[in-house]
Amino acid sequence: MWRGLAEFLIQSASELHVPPIVKYAAFSLFADRFYSSLTRYIQEGHDKGNWLLNPTRESNLQLFALISLWISSKIHDSRPLSVKSLKCLGDKIIEEQHFTTRDFSEAEIVFMQVLDFDIGTSNIAFIFLEDFLVQFKEVARVGEFVSFEACMDLMDLLYEKEETSILYRSPRSLAASVLVAAYVITVPKQRCEFPVLSWVKFVTSIEEEDVVESVGEILKHVFEHR
């Protein structure tokens, strides 16, 4: 089910035209916290009498994915998404059920309760990646060849697979690995002379061996995807 939910969130972010920070902060809220905490929340009996969680239907989880975008846009966008725009999109792409604006408001409260109202998004891979990319372009000419779009494609791919989405639990390390993977993929071979691994270790204090291992895992999934 997870891959379908990840693809749903990616599609929703695209159709709503949200900035990348809103999209990846929503992923952090939905995947790293809400989805991973949901089983424990239900096992503790907090779902009793709540139709949004009992039973946990795919359509309800899709609603919560839209809620994550809504909350993220309130944090990171000067013009947050309106409940009307979210409902219109939900009516269009959620097949099993149509939700009312009141359902969206109720789902937002439930979402926050599952997260124990922890909606901080400053410690996410996307923010670290943006910072690393700016620094990299300042010190290396080849930085201009590292595609920001390629970095985002890699992040999407990692979220689409539940076994790799756990990499987001170490956001700083993942951001460094995504940058190196994008470097390997997008920088022309004849220009691959900058000691990117040494630079990453200098900036992040992450051992080169750990970065190489993570990059290998990322590239393996890239080639499997193709």
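Me: In which loop does Asp116 lie?

Reply: This is a predicted model, in which local features need pLDDT of at least 70, side-chain atom pairs count only at pLDDT 80 or more, and totals for chains, interfaces and linings use all residues. Residues are numbered from 1 along each chain as its sequence is written, and side-chain values use heavy atoms, with hydrogens and water left out. Helices here are DSSP runs of H or I with at least four residues, and strands are runs of E with at least two, numbered from the N terminus. On that basis, the place of Asp116 is the loop between α5 (101-114) and α6 (125-139).

Me: Is Asp116 buried or exposed?

Reply: Buried means under 20% relative accessible area, exposed means over 50%, and partly exposed is in between, with a 1.4 Å probe and protein chains only. Because its relative accessibility is 63%, Asp116 counts as exposed.

Me: What is the phi of His17 near?

Reply: His17 is found in the loop between α1 (2-16) and α2 (20-43), and at 70% relative accessibility this residue counts as exposed. Its phi is a positive value in a residue other than glycine, near 55°.

Me: How many helices are there in the protein?

Reply: Read along the sequence, the pattern is α-α-α-α-α-α-α-α-α-α-α. The protein has zero strands, and its helices number eleven.
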